[in-house]
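Please consider the structure below together with its sequence. The paragraphs that follow lead the reader through selected parts of the structure, one after another.

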Amino acid sequence: MFDLVISGGTVATAADTFRADIGITDGRIAALGEGLEGADSIDAGGRLVLPGGIEAHCHIAQESATGGMTSDDYRSGSISAAFGGNSCFIPFAAQHRGKGVTETLDLYDSRAMGASVIDWSYHLIVADPTETVLRDELPAAFARGITSFKVFMTYDLMRVDDAQFLDILTVAKTHGALTMVHAENSGMIAWMTRRLLEAGHTAPRYHAPSHPALAESEAINRAISLARLVDAPLLIVHVSTPEGAGLVHDARLAGAKIFGETCPQYLFLTRDDLDRPGMEGAKFMCSPPLRDTATQEALWRHIQGGTFSLWSSDHSPYRFDDTGKLAKGTDAHFGQIANGMPGIGLRLPLLFSEGVNKGRITLQQFVALSASNAARLYGLPQKGSIAIGMDADIAIWNPQETRTVTVKDQHDNMDYTPFEGRKLTGWPTTVLTRGRRVVEDGRLIATPGDGRFVARERIDLTGHPGATVPELDPATNFGVKVAP
Ligand code: DUC
Ligand code: ZN
Ligand code: ZN
C-alpha cells in the first residue's frame, strides 16, 4: 500500500513512453506497475504523466545593478511555475559589486524560505570576483549546494573581463561547478546605442539594432575559446541567433564541454513585436533581443538536432508601469528600459503545443528539454525522470486541451504576457513536488513554504571529454602547471 498512486496514465521519460501506475511513498517513486493501490490516488486516465518541469533560468525577487526589482517573488514566481508544469525551479542569486557571495546567498535564502510552493535552488551571478570570492566564497557556495555560477560579458555594473572570466571558469572546474554566461559584446552594444541615440532613435524598437547578432556571436566565440583554454564546462544561456547556435554546435562536435540554452521568445516572437505604438514595444524588450522569422526556423532546427540542452523561460518580469518598464517615464529611451519579459508559466505549454503536437519534436525530446537535461547538468540526480527511487516530481498533462493564452490566466505578478492571444493545445493539469500536490485540476493546493531548498551536486560531464590545450599541458609547455 503506497501513500499515493497515480493510476491509468501514459508515462513518458526522456527515453520511453509506457502505460503504468506510479506508487509513491515518502515523496519518492516506490513502484511502477499495474493495479497499484494507495491510501490516496489520482486518476490519470487519458493523461500524460511526465517528470515535473525544472525551470532553470528565471529571475525571481532579483534586483538589477541599477536597483530595479523583478515583480515576482518566490511565492508568485513558484506558483506561476507550478501552473506551467514545473515541480522545481532555479532562479538567480545576484552578487552585486562590493557585496560578498555568502551575504548574497543569505539574502536570497531569506527571500525564498517560507515562500516557495515548489523546490528550488539558485544559480549564483558573480559580478565581483575578488580574491576572497575566488579563494573562499565560491568554494563555500559550492559546499552549500550552489553548483552553477553565471557571469556577464556585458552590462557595465555586472560584466567581468576575460581574465576574470578565466579565473571563475577555473574555480568552477576545480569544484565541479558549471559556469553559465550571458554572451554579448559590450563595446558593440555601447557603440550602437550611442549612435542610435545621437541620431534621435529612442523608441523601444531600436533596442533590436542596438544589440546586433554579431555582438552575440563574437561573445559566444570568445566565451567558448576561454572555456576551451582551461578545459572547463560552459553553458551559453539564452542563445538567440543561428550563428551563436552554430558555434555551440561546432564546439560540441569538437568534444568541448559546451552546452547551449534557448528560450521561447526567440522562437515565438520577432523584432516586429518591438515596433508597436508608444511604449508598447517595451513589453517585448529582452536581452539578447528578439530577431526574425529566419532565426526562428534555424533555432527550431537546432532544437531538433540537439544543439540545445536547455529550454528555459528567462522569466524576467517587469510590469508595464512605473515599478517596471516605465520606471524612467513614458518618454525614456530604449537604453533606460528594464530588459526582460515574463513567461515562466508558458515555457512548457508553448513547447508542447508547437513542438510535440505540431510534430516538430518527440515527446522524449520534450521531456529532456523540460526536465531531464536540467537535472543532469545542474546536479539534481534525484529529479528530472520517472524511475524508482527518484523524487515524485510529476506533471500530469492533458495533451488535447486547447486554451487561448491571456494575462488573466497567468499566476505571476504581471500585467501583461507577450504571448497574449496565442492558442495552445496541451496543458498541465496537476503538478506534484515530492509526491505532494502543488496544483490539482487547475487549483492551487500547496501553501507557500511547502517547497524546499535543494542542495545540488557537481555537474555530470559524462560523455564530454574535453581536451587540454598544448600551452596548459606540462608535457608540451616545458613542464609548467598553469591550471588544475
Ligand atoms: N539576461 C538574462 O539572463 N535575463 C534578462 C536580461 C539579461 O540580460
Ligand atoms: Zn542574460
Ligand atoms: Zn535571464
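The largest pocket of this predicted model is the space taken by ligand 1. The residues that surround ligand 1 are H57, H59, K150, Y155, H182, H238, S287, D314 and S316. Some of these residues place polar atoms beside the ligand. In the side chain of Y155, an N or O atom is 2.5 Å from an oxygen atom of ligand 1. Nitrogen atoms of the ligand also have polar neighbours: a polar side-chain atom of H182 lies 3.2 Å from a nitrogen atom of ligand 1, and an N or O atom in the side chain of D314 is 2.9 Å from a nitrogen atom of ligand 1. How much of ligand 1 does the protein bury? Taken alone, ligand 1 exposes 240 Å², and the protein buries 93% of that area.

H238 has a positive phi, near 30 degrees, and is a residue other than glycine. H238 is located in the loop between β14 (234–236) and α8 (242–253). Is H238 buried or exposed? H238 counts as buried because its relative accessibility is 2%, and the limit for a buried residue is under 20%. At S287, the feature concerns the peptide bond: the bond from S287 to P288 is cis, with omega near -5 degrees. P288 itself belongs to the loop between α9 (264–268) and α10 (293–305).

A positive phi also occurs at A61, where the angle is about 45 degrees although the residue is not a glycine. A61 is part of the loop between β8 and α1 (74–83). With a relative accessible area of 7%, A61 is buried.

The next topic is the pairing of charged side chains. How many salt bridges does the model contain? The count comes to 24 salt bridges. One of them joins the side chains of R347 and E55, with an N to O distance of 3.5 Å. R347 lies in helix α11 (residues 347–356) and E55 lies in strand β8 (residues 53–58), so this pair ties together parts that are 292 residues apart in sequence. Both R347 and E55 are buried.

E55 has a further partner. The side chain of S313 makes a polar contact with the side chain of E55, at 2.7 Å. S313 is found in the loop between β16 (310–311) and α11. S313 is buried, with a relative accessible area of 2%.

Another salt bridge is formed by D119 and R434, whose closest N and O atoms are 2.6 Å apart. Which parts of the chain does this pair link? D119 is in strand β10 (residues 119–120), while R434 is in the loop between β18 (423–433) and β19 (436–440), and the pair links these distant parts of the chain, 315 residues apart. D119 is buried, with a relative accessible area of 1%. R434 also counts as buried, because its relative accessibility is 15% and the limit is under 20%.

A further salt bridge is made by the side chains of R403 and E401, at 2.9 Å from N to O. Are R403 and E401 buried or partly exposed? R403 is partly exposed, with a relative accessible area of 29%, and E401 counts as partly exposed at 23% relative accessibility. Salt bridges can also share partners: in this way D119, K383, D391, D393 and R434 are joined into one network.

I6 is found in strand β1 (residues 2–7), and I6 is buried, with a relative accessible area of 1%. The C-alpha atoms of I6 and G45 are separated by 9.3 Å, and these two residues are 39 residues apart along the chain.

Terms used: Residues numbered from 1 in each chain as written. Chains lettered and ligands numbered in written order. Predicted model: local features only at pLDDT ≥ 70, side-chain atom pairs only at ≥ 80, totals over all residues. Heavy atoms only, no water. Salt bridge = Lys/Arg side-chain N within 4 Å of Asp/Glu carboxyl O. Helix = DSSP H or I, 4+ residues; strand = E, 2+ residues; numbered from the N terminus. Buried < 20%, exposed > 50% of the residue type's maximum accessible area, 1.4 Å probe, protein only. Near = heavy atom within 4 Å. Polar contact = N/O pair within 3.5 Å; in protein donor to acceptor, adjacent residues only side chain to side chain. Areas by Shrake-Rupley, 256 points an atom, 1.4 Å probe, with all protein chains shown as cover. 1 Å grid on protein atoms, 1.4 Å probe; cavity = no way out; pocket = protein on both sides within 12 Å on 5 of 7 lines; lining within 4 Å. Sits in = over half its atoms within 2 Å of the grid points.
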